[in-house]
Amino acid sequence: MKLMKQLLAMATIAFATATQAAPATEAPDVLVKRISQDVIETAKADKAIQAGDIKRVTELVESKILPYVDFQRMTALAAGRFWRDATPEQQKQLAAEFRTLLIYTYSGALSQIKNETVEFKPLRADPSDTEVEVRSQVNVARGEPMLLNYRVAKTPSGWKIYDINVLGAWLVETYKSSFASEISKGGIDGLIKTLQAKNKALASRPAAKAK
């Protein structure tokens, strides 16, 4: 769905636009709001992104994403019970391929970001909470606002995002069944090879045509 890809692209690149790691004392909703505002302005102003330059998108994500997203946990959740059976090297490879897949899959939609704005809801959490959900909606020029929520966990280095909800569907859950299917056929190595093949195919396409 083009709109879902567009919203997920906004969420994905939002993790890649802040210039420094967030301080550990920064509230989770403040963090997400700051980087979300950055993404809107970056996507609108960057001609390379507007042109669908996947190299530009990848450079941003690779250099800025790690301080804000716990891809290890995201991949572990998507792999489910099979994650515990994987070796440390398999876990490392799987997380890297999953991250690359998300970058390639949604980078093409970045050029579609034009006049969207993000509105955040009041945070429902206690000061002692270590995991919270940051709720927001994306306001589009035409149509109803779209749900875009984040699951965020507190770590020693600050809050990190480990799941995204678009239009009522959590990103991790959308991949969990397909991961399980691939693992049942070829094990963890089979899933890694499948993701590698998918990423190779996506890398050879213009960003605007990646699906």
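What does the accessible surface of the chain come to, and what percentage of it belongs to carbon and sulfur atoms? I looked this up before anything else. The surface comes to about 10,500 Å². Carbon and sulfur atoms hold 52% of that. I note here that the model is predicted.

**Overall layout**

I went through the secondary structure next. I found seven helices and five strands in the chain. Along the sequence the order reads α-α-α-α-α-α-β-β-β-β-β-α. I then checked burial. The chain has 211 residues, and 47% of them count as buried. I also checked how far apart in sequence the contacting residues lie. I took contacts between residues at least 6 apart in sequence; 60% of these join residues at least 24 apart.

**Helix H2**

I turned to H2, which covers residues 28–45. I wanted to see whether its length fits its residue count. With 18 residues at 1.5 Å a residue, H2 should span 26 Å. I find its end C-alpha atoms 26 Å apart, so the span agrees.

Which residues of H2 are buried? My list runs Pro 28, Leu 31, Val 32, Ile 35, Ser 36, Val 39, Ile 40 and Ala 43. They take up an arc of only 160° around the axis, so they sit on the same side of H2. I looked at the other side of H2 too. There I noted Glu 41 and Ala 45 as exposed.

**Glu 26**

I stepped back to the loop between helix H1 (2–14) and H2, where Glu 26 is placed.

I then looked for partners of Glu 26. Its side chain makes a polar contact of 3.0 Å with the side chain of Arg 34. Leaving out residues up to four places away in sequence, Glu 26 touches Leu 31, Arg 34 and Trp 159. Of these, Leu 31 is already on my list of buried H2 residues.

**Leu 167**

My last entry concerns a backbone angle. Most residues other than glycine have a negative phi. Leu 167 has a phi near 55°, a positive value in a residue other than glycine. Where is Leu 167 found? I located Leu 167 in the loop between strand E4 (158–166) and strand E5 (169–170). The relative value is 33%, which lies between the 20% and 50% cut-offs, so Leu 167 counts as partly exposed.

Conventions:
Residues are numbered from 1 along each chain as its sequence is written. This is a predicted model: local features need pLDDT of at least 70, side-chain atom pairs count only at pLDDT 80 or more; totals for chains, interfaces and linings use all residues. Side-chain values use heavy atoms; hydrogens and water are left out. Helices (H or I, at least four residues) and strands (E, at least two) are DSSP runs, numbered from the N terminus. The expected span of a helix is 1.5 Å times one less than its number of residues. Buried means under 20% relative accessible area, exposed over 50%, partly exposed in between (1.4 Å probe, protein chains only). The arc is that of the directions from the helix axis to the C-beta atoms. A polar contact is a pair of N or O atoms within 3.5 Å; within protein, one must be able to donate a hydrogen and the other to accept it, and residues adjacent in sequence count only if both atoms are side-chain atoms. Contact means heavy atoms within 4.5 Å. Accessible areas come from the Shrake-Rupley method with a 1.4 Å probe; for residues, only the protein chains shown count as cover.
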